[in-house]
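User: I have a model open and want to go through it step by step. Can you take my questions as they come?
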Amino acid sequence: MSELITVPLIIFTAYVLIVSTIRWSIVELQHSFIHRELFKKSQRTGRLITEFFSTIFFTHALEDYRCTHLKHHNKNFTFTPEDDDFKLLIALGFRPGMLTQELKRHFYRCLISPHFHWRMLASRFSSNFGLGQSKTGIYRRLAAALWLGLLIYSAAFISLPAVLIGYVIPVLLMANIAALCQFSTEHSWGSASHQSWGRFVGEKLPTSIYGWFTWWLKLIFVWIPQRMMWLPGGLSSHDTHHEAGSRFDPFNPVYSRAALAQTGKYKLSETWGFNAALSRAMSGISKANSTTS
Amino acid sequence: MKNGNNNVKAYTDIREMYKNYFPAFLQPFLTWLTGKPFAGQQPLIIMRAETRILLNLVQLELGMGLLFVTVGV
């Protein structure tokens, strides 16, 4: 009987750890490398390490991520439908002009939508194998092919359940969900005000015994997983990366944001909790000009 | 909890509320969790990129290890 409780709990914990690492490898490791904040003296080492992670996780290869992300920082494209992240949101059905509540409902439908997962996986695998407009080089493609071959061999001749439980669910599916949670709460997409905000986890302390009971449950089963999978590394302070550029320390993000906020030079606002961040971002899409879609 | 200050309604800033309610040894964890330090808080350690890479590798191995031990993957 106790196994019915402990085994799912351990698997849940394992998934949180694995998905957190996958997301960190993109939003901090790869991100810092393309912004030249990491491996400044050894670009080759940095490329090897970032490509190692993107290969084993089948996330976007370095060159494709570099193109997409630097365009995201280009003020001519940031938060417009030319921004690849916003373009993806529109393709997934997040239309400017929709009501905020409609957009939020659509977000939750997307999490389990086969169309959403298909689009995300198609994009990830296209990048890994140099398909379409991908700029991925031949060696990176070979590495991806080798890794895929290893996974298929493992599934076919060693253990299919092991590959499904140990790789497909966390790496291919849950990582998609974490990615959607991230970029659909990140900015006021489509809004002329080009807003970003700090995304913080938690809520006010309760004042009743029942309130405390739910507060502790949320801490363990909601907020810690959110912090690790939705906002790994310095993502909670991502607004400061846009506002302050190179003045922001990505490896000590929390304290760097606080110090920069103290200067009063930057417009930094904040949201607490996932729902607040989602509402703010979806409100931006709702108010965006519907002709931009 | 510490300070005997149970008037949680007095605080509008969540992080300051946590700072005044929970003991000092929990504050670094709460800063990590919330993503925000309390006013005047200084980091325990200054992180380097290499440290963060190592921590995440350990995190990945821990996750894979838990799966291996639990379901044999």
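This is a predicted model: local features need pLDDT of at least 70, side-chain atom pairs count only at pLDDT 80 or more; totals for chains, interfaces and linings use all residues.

User: Which elements of chain A give two or more residues to the side that touches chain B?
Analyst: In chain A they are helix 1 (2-34), helix 8 (160-183), strand 1 (198-200), helix 9 (209-230), helix 11 (253-263) and strand 2 (270-272). The largest share comes from helix 1 of chain A, with 13 residues.

User: What classes of residue are on that side of chain A?
Analyst: The side of chain A that touches chain B has 33 nonpolar residues, eleven polar ones and six charged ones.

User: And how many salt bridges are there between chain A and chain B?
Analyst: Between these two chains the count is two. In one salt bridge, the side chain of Glu270(A) meets that of Lys36(B), at 3.1 Å from N to O.

User: How many residues of each chain are in contact?
Analyst: 50 residues of chain A are in contact with 40 residues of chain B. Together the two chains bury about 3700 Å², and 76% of that is on carbon and sulfur atoms.

User: Which residues of chain A lose the most area to chain B?
Analyst: Leu205(A), Tyr255(A) and Trp272(A) do, and together they make up 17% of what that side buries.

User: Switching topic. How do helix 1 and helix 9 of chain A pack, and why are they called roughly parallel?
Analyst: Their axes are 8 Å apart, at an angle of about 30°. Angles under 35 degrees count as roughly parallel, so helix 1 of chain A and helix 9 of chain A are roughly parallel to each other.

User: Which residues meet there?
Analyst: Helix 1 of chain A brings residues including Leu9(A), Phe12(A) and Arg23(A), and helix 9 of chain A brings Phe221(A), Pro225(A), Met228(A) and Met229(A). By class, the residues of this contact are ten nonpolar, one polar and one charged.

Key: Residues are numbered from 1 along each chain as its sequence is written. Chains are lettered from A and ligands numbered from 1 in the order in which they are written. Side-chain values use heavy atoms; hydrogens and water are left out. Contact means heavy atoms within 4.5 Å. Buried area is the accessible area (1.4 Å probe) that two parts lose on being put together, summed over both. A salt bridge is a side-chain nitrogen of Lys or Arg within 4 Å of a carboxyl oxygen of Asp or Glu. Helices (H or I, at least four residues) and strands (E, at least two) are DSSP runs, numbered from the N terminus. Ala, Val, Leu, Ile, Met, Phe, Trp, Tyr, Cys and Pro count as nonpolar, Asp, Glu, Lys and Arg as charged, and the others, Gly among them, as polar. Axes are lines fitted to C-alpha atoms, for helices over the stretch in contact, and angles run from 0 to 180 degrees between N-to-C directions. Angles under 35 degrees count as roughly parallel, over 145 as roughly antiparallel, 65 to 115 as roughly perpendicular and the rest as oblique.
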